[in-house]
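Reader: I have a structure open and a few things to ask about it. Can we go through them one at a time?
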Amino acid sequence: MKNFQYYNPVRIVFGEGQIEQLADLVPNDAKVLITYGGGSAERTGTLDEVRKALSASGNREVFEFGGIEPNPEFNTLLKAADMVNEHNIDFLLAVGGGSVIDGSKFVALVSSLTDQDGTVSREKAWDALTSYTRNINSAIDLGAVLTIPATGSEMNSGGVVNHSERQAKLPFGNSLAFPKFSILDPTKTLTLPERQVMNGVADAFVHVMEQYLTYPVNAKVQDAFAESLLKILIEEGAAVKADPENLETRKNIMWTATMALNGLIGTGVPQDWTTHMVGHELTSLHSIDHARTLTILLPSVLRELKDSKIDKLLQYARNVWAIDSNTDTKQDDDSIIETAIVKTENFFRSLGLPVSLADAELDESAIDPVIKQLEAHNMVKLGEHGNNDLEVSRRILERSLTSAA
Ligand code: NZQ
Ligand code: ZN
């Protein structure tokens, strides 16, 4: 295991009815800006619950900013940042999924980057995004009410922002962006369309894989946690498909997705974010849902990088899919690994998710533009060894044209 520091200051408030805790969690005298997405929070009544809880005590002034898109748009977020300055907001409350929470983190980080006229400098904010917000050293406090289990944004300090005009979807991270608290009420997920539920299960699954499926460093806690999370997602993915109203299933999915990307299983181990980084380009070029880009790419990433990941792939086959090399001596390592990858693909398919570019109605003409964008965004040394250059990414995309199984 490598040396590490683990720091996670996010207070998780989990369970049905917990939105009312906002009355205690948000400072009494705060000037609050509630941020939300395209309208689901209003439609489902969650926003009303939030408004009620905030006015139940204290002397808060509450403003609202709606319309943050899935894959939150840079320009929209800067409008929110201008609103922060206009009203001297000192607390952001994100009500929504990864897009709203990520977007609000970005707002929290960039709203102090003003021009002389008091508006947030588009140029400085863009520079901040392209440098991963590394140099930002102050931020507005932020809390979250999570409505879709998927990204882990509720308990981490990262995010992803899309800039459509520049065809760029870029990640950022800064420890000032950890939410002060996140409320996880699993009943809020019951209104999700099936597509979003399945996207969430797959996104969380791939988050675990990107931190687990590299090479062994004898990190027993991280490996065992990761394998458990994968098995829970496989089980609960099927369960939620069969019985979407089951609240116990929703609870487990929600907590699993949070644990999948709150830093814990990624401490002290190598990580490989190739699937995500190539996937972001597919989203920005073709507006494919984030999770769907991942299910298209992950099987090809595993096949292409099989040699460098062989030990972990065998461990994955054995511990997650119960493919036992001892009881089936006829299976060599290659076929054990291929069986595990096919099982992974079938799991994604069973959730109604695409496993090839063809499934997303793309063909080989999609490949060159993705490579060009990866180059433009300096995504040229991906993977746990930094060896995944543009040629490797090209081969991954070629393998993804049609499903191998
Ligand atoms: O916009 P509204 O109307 O609210 O509708 C949303 C949106 O259309 C809807 N929705 C959310 N909660 C709902 C609901 N509909 C009904 N009932 C509810 N309770 O769901 C749609 C998708 O929402 P979104 O927030 O985009 O989904 P998700 O949580 O999957 O977030 C995806 C974004 O997170 C980024 C992705 O790149 C993408 O931009 N990621 C963030 C990460 C992080 N911060 O660590 C890591 C991830 O890898 C990921 O990259
Ligand atoms: Zn993701």
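Reader: Which residues coordinate the zinc ion (ligand 2)?
Author: This is a predicted model. In it, the zinc ion (ligand 2) is held by Asp203 through OD and by His207, His276 and His290 through NE2, at 2.0 to 2.2 Å.

Reader: How are those donor residues spaced in sequence?
Author: The pattern for the zinc ion (ligand 2) reads D-x3-H-x68-H-x13-H. Histidine 276 sits in helix α10 (residues 274–286) and histidine 290 in helix α11 (residues 290–304), so the two tie together parts 14 residues apart in sequence.

Reader: Are histidine 276 and histidine 290 buried or exposed?
Author: Both histidine 276 and histidine 290 are buried.

Reader: Different topic. Where is threonine 249 found?
Author: Threonine 249 belongs to helix α9 (residues 247–260). Its relative accessibility is 6%, so threonine 249 counts as buried, the cut-off being under 20%.

Reader: And what does threonine 249 touch?
Author: Leaving out residues up to four places away in sequence, threonine 249 touches Glu236, Ala239 and Val240.

Reader: Now the helices. How do α12 and α13 cross?
Author: The axes of α12 (residues 310–319) and α13 (residues 333–350) come within 9 Å and cross at roughly 60 degrees. α12 and α13 are therefore oblique to each other. The crossing is left-handed.

Reader: Which residues meet there?
Author: From α12, Ile310, Leu313, Leu314, Tyr316 and Ala317 meet Asp333, Ile336, Ile337, Ala340 and Thr344 of α13. The residues of this contact between α12 and α13 comprise eight nonpolar, one polar and one charged.

How values were computed. Residues numbered from 1 in each chain as written. Chains lettered and ligands numbered in written order. Predicted model: local features only at pLDDT ≥ 70, side-chain atom pairs only at ≥ 80, totals over all residues. Heavy atoms only, no water. Axes fitted to C-alpha atoms, helices over the stretch in contact; angles between N-to-C directions. Helix = DSSP H or I, 4+ residues; strand = E, 2+ residues; numbered from the N terminus. Parallel < 35°, antiparallel > 145°, perpendicular 65-115°, else oblique. Left-handed = near helix turned anticlockwise from the far one by under 90°. Contact = heavy atoms within 4.5 Å. Nonpolar A, V, L, I, M, F, W, Y, C, P; charged D, E, K, R; others polar. Donors = N, O, S within 2.8 Å, 3.2 Å for Na, K, Ca; no water. Buried < 20%, exposed > 50% of the residue type's maximum accessible area, 1.4 Å probe, protein only.
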